[in-house]
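Here are my notes on the model you sent.

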Amino acid sequence: MFTEYVFHFLSIMALFSAVMVLASKKPIHSVLFLTMTFFAIAGHYVLLNAQFLAVVHVIVYAGAIMVLFLFTVMLLNLNKDERSLKPMWVKIIAGIAGGMLMLILVGVFREYDVQSAQDPMTTQIGLVKNLGKILYHDYLLPFEMSSVLFLTAMVGAVLLGKKEQI
Amino acid sequence: MLTILLILLPLALSLIILIFKEEKAIRQFALAGSLIEFGVGVAAFIQYKTSCHCNLLFTTDWLATLGVSLKFGMDGISLLLVMLTTFLLPIIILASFNHAYSRPSAFYSLILLMEMALIGVFTSFDGLIFYIFWELALIPAYFICAVWGGDDRIRITFKFFIYTFVGSLFMLVALIYLYFRTPLPHSFDFQGLYAVRLNPGEQTWIFLAFFLAFVVKIPIFPFHTWQPDTYSGAPATGSMLLAGIMLKMGLYGMIRWMIPICNDAVQEWGGVAMILAITGIVYASLIAIRQNDMKRLIAYSSIAHVGLIAAGLLSLTTYAMQGAVIQMVSHGINIVGLFIIIDLIEQRTKTRNISNLGGIARTAPRLAIFFMLFLLASIALPLTNSFVGEFLLLLGLFEYSAIFAAVAGLTIIFSAVYMLWMYQRTMLGKANEFTENIHDLTWTEMAALVPLVVMVFWIGMFPGLFLNVALPDVMQILNYTK
Amino acid sequence: MSNLATIPIEYYLVFCSVLFCIGVFGVLIKRNALVILMSIELMINSINLLLAAFSAYTNDPAGQIFVFFIMVVAAAEVAIGLAIVVLIYRTTHSIDIDVLNKLKW
Amino acid sequence: MKLILILIPLLPLLGFLFLGLGFKSIPKKVTSIVGPGTILASFILSIITFIHLTQQAGTQSSLFPHSDVYTLFSWISIGSLDISFSFLIDPLSVLMLLVVTGVGFLIHVYSVGYMKDDPGYNRFFAYMNLFVFFMLLLVMGANYPIMFIGWEGVGLCSYLLIGFWFKNHEYNNAANKAFIMNRIGDLGFLLGMFLLFTTFQSLNYQDIFSQAKGMTSGNGTLVAITLLLFIGAVGKSAQIPLYTWLPDAMAGPTPVSALIHAATMVTAGVYMIARSNILYVLSPATMEIIGITAITTALFAASIAIFQNDIKKILAYSTISQLGYMFAALSIGAFTGAMFHLTTHAFFKALLFLAAGSVIHAIGGGQDIRNMGGLRKKLPKTYWTFLIATLAIAGIPPFSGFFSKDEILSKAFEFNHVTWFALAVGAFMTAFYMFRLFYLTFFRAFRGTEEEKHHLHESPAVMTTPLIVLSVLAAIGGVLNIPVLFGGENWLSGFLAPVFADAMAVKVQPAALSHATEWLLMATTLAGCLVTIFWAWRRYVKQENGLLPDEAKRSLLVQLISKKYYIDELYDFVFVKPSLWCSRYLHQVVELRFIDRIVNGVGQVVIWTGNTVRYVQTGNVGFYMFIMILGIILILFFNILI
C-alpha cells in the first residue's frame, strides 16, 4: 500500500510541475518546474528498483541539462515575459489535439496485456552491477559509440556557440 | 573467376584513371585498359567454348539474411553481350580521340564505370544485383550526356533519366514481389525467382511491371520519345554507348527475366505487346524518312530495329529468339559504326543536318565507303550481320503470325528508303561549302571502323559460332515457357 | 512485499501518456523555443519512464539499457539544441518561433 | 569439281576485293586485265562445268537427276533450319552460268573501251565484278536463301551502278527507286521463303521439290508461296506494277544497262520461277495471275516504247516487254521456251544496248533519237550489229529471236488462242518500235548539232569486238533449240528436260500442234512483223514530214502513251507523296504534339503538384508540429481501427 501512495504522490507531483512548466510566464520558472518533474521521475525510477537509472537521471537531467537551460536563460537574458501567447483558437486546437492523442494512447495501451513475470519492486536488473555487466558485454559497441556521439555533440556545440563566423 | 574479373577490372581502371592529369596519357590508358578488358572477354569466351559450359559462375554471400548473394555468371546469351560490350568499348574510346572533351579523366572514368555496370547487368544472376547494376549503368550515362552533351542537354538528359528510372522502379517492385513469393528463406537468385509459381492475375501485373521497365529502355513505341532527343543531345561517345550497348539491357532483361518468370502472361499478352512493337517499327520507319538531323534519323531507325527484336522475342519461337540474340549484337555493331561515321562527318563539317551536306563521296571516298558498308549492314543486306538476325526474327514472327511478319517486314523496305535517302543527300551529289574541303579518314579513324566492318561480315557470313553459343540457353529460356 | 502492493502497469501507462500529452500540448502552444525544448524533454522523459517500467515488469534489462542510451542522446541533443537557440538569438534577437519562419516554400 | 565450283563465283569476288580495296592506286591497265579477266576465268570454268555435266548425264541415279549439290559450309543452322552455303549444278544453273559469265565477259571487255576516260574506272569494274559474283550466287545456290543473297546482292550492285555518276541527283534518285522497288519485291520473296520453310521444314530445292511433287494441284499454301515468290520476281524483273524503276535505271553507264538491266539481273525472276517450276505448275491460280500480268506488261511496255525518244529508254521498255514474254511463257508452262528466250534475249538485248552505247559514245553523250540519223555510214560496224540484233528481236528468221519467240507463240497457241493473239500483237509492236528506233538512228541525214557531227566516229576495236561476237551469237543463237519443224532436235529442251521433268509430268499437256498449224502460225506472225517493219520504213524513212511528229497534234491517247500513261506521276501521287506526308504528320503531330506531350505532361503535372503543395511549408514550426501530431493521432487511430 505504501508504494501505491508513493506512486500517486510522485505522479501528481510530476504532472503538476509539468503543467506548471507550461503555465509559467517566465522561462526561468519553467526550468525550475521542469527540474521538479525530473526529480519526481527519478523517484519513479527508484520505485521501479532501477537505481542506476535514477542516479544517472538525476545527474544527467537535473545536473547537466537543467544547468544548461538555466545558463542559456540567464546568460542570454531571455527571462522576459512572453509578450503574446498564441491566439486562443490555437490553444483550443492544441488542447483538442493533445487530448485526442492522450485518449488514443490510453486506448492503445488498454489493449496491452502484460504478463508480469516479475515483481517490479524486487527485480534485480536495475542494479548497477547487473546493468553494468550487460552494458559492457552485450552493448559494448553502442556504449563506446555513444562517447563518440558526445564528442561530436561537444564539437558541434562549441562550433555553433563561437562568436566569430566560421 | 573471369566473370568477376570482367566486372572489377573496369571499376579499378575507372578509379585509377582519375589520377592521371595529362589528356594523352588518359586516353592511352583508357584505350589500353579497355583492350585488356576485351582480352579478358575473349579469354572468357574461349574458356566457355572449350572447357566448361559451366556458366563461369562466381558466387559469394552478400546480404545473407536478405537472401542476396553476389552471383555472377555467364550463359551463352550473356556471354555474347559481354563480348559485344568489351569489343565495342575500345572502339568507342578510340573514336572519341578526336574530341577534346573537357575534364578527360572524369569522362573516361565514367565510360569505364559504365562498362563495368553494363557487364554487371549482363552477368548478374541475382535479381537485386541485376537491379543495382541496371540503375548503376544509368548514372554514368546521365553524367556523360549532361556534362558533355550538346544544346539543351540538361533538360533532355533529365527527361531520359527520369523516364528510364521510373520505368525501372516498376521492375524493382516486381522483383521484390517475386522475392516474397519465393519459398523461405527468401532469395533473389534467378533460379529461385524462375521457380516461383504465380497465378494468372499476379503474372499479368508482374509482366506489366517488367514490360514497362524494359519497354522504356528498349524503347518500344509509344515509350520512345526520350530516345531521339537523347541521341541528338548526347555527345557522340554517349550516343554510341547508349545505342550500342545500353539499349540491349532492356532486351536482355526481357530474355533473362520477363520471359522465364511470367511465361503465361507473355503468352497471353505477348500479342498485344507485339502489336505495339510492330506499330513502332512502321511508325518509327515512317518518321525516319523525313528527319533532317542524321542522329535523329538513326535514332528512329534504331527504334524500328529494336522493335523488331522485341517483337521477335515476344513471339517465343526458337528462330526469333536466336535471331534476337544475334541481332542485338549486330545492331550494337552497326549503330556504333553509323554513329562513328556521323560523328566524323560532324567533326569535319560542323553540321549534322542532311540538308547542309552532300558530295562527301567525292571529297572523302573512304568515309563514303565505310558509311555505305554500315548502311548496308543496317538495312540487312544478305551476308551482313543484320540479315542473319532479321531473317531469323522474321522467320520466327512468321511462325507466330504471317500478318505480323508481313507488317514487320516492311522495315526492310522503309529502312532502304530512309537510309538511302540519307546516303544520297549526304554522300552523293555535288559538294557544297560544308563538304568541299574535308579530308578523308585518318588511320586512327580507320582503326576504329575496320574491326566493326570485320565483325559485320564475320557475323554475316559465318554466324554459326555466335548462334551455337547462344542456342542451348535460348532453348532453355524457351523451355520455361512450355 | 505482497502482490497486493504491486502497482499495475496500467498506472504507468496512463501516467506516462498524460505526461507525454502535456509535453505535446506544450510544444503546440508555446512560442518560446526554449520552452518547446523543455516540453520535448518532458516527452522524452515520459517515454524513458515507460521503457524502464516495461523493463522492470518483464525483467528485461534491454529496456533500461535503452533508457540509458536515450539519455545520452538527449543530453547531446540538448547541448546542440541550445547552441542553436543561442545562435539564432544572436542573429535575430528573438527565439519566438512564430518570427522564425524564414525557411519556407 | 568442288574447287572449280567455288572458283566460279570466288574469282569475281576476288576481283572485286582487289579492285575495291586497291582503290585508286591500281593503274588502269591492271584493272582492264583483272576486271574482265576474272569473268573470263569464270566463263572458262563454267564451260568445264558444262562439259562435266553433259558427260555425267545419264550416269546419275540420284533423286534429282543430272544435278550435283556441293556444300561449302553451314551458314545458318538452328534446329530444323539448316541453311548451308551450297551450290547446285544442274542444266538450268549451268545454262545461266554460261549466259552470265559469257555475256558478262563480253560486256566487261566492251566496258574497257567505253569507260576508258571515266575517273571512276576502277570503281566501275569493282562493282561489275561484284555484280557477277552475286549473280553467280543467285544462279548457283542450292537453296532459296543463297539465291536470296544473290538476289539482294545484284539489287545492291544495280543500285551502285545506276548511281555510278553520283554527282547527279537524278541518277541517284533512279538508283534509289530501283533499290526500293526491288526491296518491295524482296519482301515478297522473303515471306515466300518463310512460308516455304514453315510448310516444308526446309529451304533446299531438293527437299522442297521432292515434297511438293506429292502435293495436290491448287493447294492453297502452294498458291500463297508461289504468289509471294512471284512478287519478288515482279520486283526484280520489272513487271507491272513494279516496272517503273527499269526505264529510270538507264541512268547508269550503258554497259551496266546491258549486263544488269537487260541480260542478267532482270531475268533472275524468270530463272527463279523456272527453278521452282514444280511449285508453279501445281498452282494454276498463280499461273493465271502470272499470265495476265505478263501479257499486260508485254503489251503495255511495248506501247510505251513506240513513243519514246530516248534510245536507252526504248530499249528499257523493250526489255520489260520481252520479260513479259518470258513470264508469259512460264505461265503457260513453257519453261524451256522461257529459258530459251532468256538466253537469246541476253544475246540480242545485250548487243542492242552495247551498240546503242557505241552510238552514244560516237555522238558524245546524246541519247535522243530525234537528234540522230544517218549513222549508217559513220558507224558501219555498229550499224550492222545493230541491224542483226534488231532483226533478232523482231523475230525475223533465221535470227535467234525468231526461234525463241516462235516457240513461245506456238506453246501459247496450244494453251489458249487469246494468249497467242495478244503475244502476236506484242511481237508486231516490238518489230515496229525496234525498227522505228533503227531507222531513226541510222537512216536519213544526221540531225544533231555540228559539234556532235564532228565528233562522230566508230568505236575502238575493244568495243566493236564484243559487238561482233554478240551479233554472231544473236544471229545463230537459235541453233540451241531448233524445233523439229526445221529438222532440229530441240537440243535445249532435251538438255533442260531433267529439270522440268517433274513439272511436265504433273502438267496436263495440251495436244501438240500439227505441223501445218505451226507453219501457219509462223507465217502469220512473220507476215505481221514484216508488214509493221515496212510500215515503219514508210513512216520514218520515206515520209518526209512524219519524221518528227508535232507534239500538239497528237491525239489524246497518243499523248497519254507518250507520257508513259502517267504511271510515275500516279505512283508519286499514290505512294510517295502520302508516305512523305504521313512521315511529316506522324512526326509533327503524333510524335511531338501527342506522345511527347503526354510524356512531358506527366512531368508537368509533377512540377505543378510540387509548386502547389510546397505552400504547405509555411515556415511556422508550430504548424509543422501540429501536423505531425495530427499524423501520429491518425496513425494510432487507424492502428486501433484495423
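1. No contact joins chain B and chain C, and their closest C-alpha atoms lie 23 Å apart. Two residues count as in contact if their C-beta atoms, placed from the backbone, lie within 7 Å. Chain A and chain B do not touch either, with 21 Å between their nearest C-alpha atoms. Four pairs of chains are in contact, and of these chains A and C share the most contacts.

2. This is a predicted model, in which local features need pLDDT of at least 70 and side-chain atom pairs count only at pLDDT 80 or more, while totals for chains, interfaces and linings use all residues. Residues are numbered from 1 along each chain as its sequence is written, and chains are lettered from A and ligands numbered from 1 in the order in which they are written.

3. Chain B has 19 helices and two strands; these are DSSP runs (helices H or I, at least four residues; strands E, at least two), numbered from the N terminus. The radius of gyration of chain B is 21 Å, close to the 23 Å that the globule rule gives for 482 residues, so chain B is as compact as a globular protein of that length. That radius is taken over C-alpha atoms, and the rule is 2.2 Å times the number of residues to the power 0.38. Along the principal axes, the C-alpha atoms of chain B fill a box of roughly 70 × 55 × 45 Å.

4. Of the 482 residues in chain B, 63% are buried, that is, with 20 or more other C-beta atoms within 10 Å of their own, C-beta atoms being placed from the backbone. Among contacts in chain B between residues at least 6 apart in sequence, 82% join residues at least 24 apart.

5. What does each side bring to the contact of chain D with chain B? Chain D gives 40 residues and chain B gives 39 residues. On the side of chain D, strand E1 (68-78), helix H5 (144-162), helix H6 (169-200) and helix H25 (567-613) each supply at least two residues. H6(D) gives the most, with 14 residues.

6. H5(D) has 19 residues and reaches 26 Å from its first C-alpha to its last, close to the expected 27 Å, which is 1.5 Å times one less than its number of residues. Since 19 of the 19 residues of H5(D) are buried, H5(D) is largely enclosed by the rest of the structure.

Notes: A residue is buried if 20 or more other C-beta atoms lie within 10 Å of its own, exposed if 12 or fewer, and partly exposed in between; C-beta atoms are placed from the backbone.
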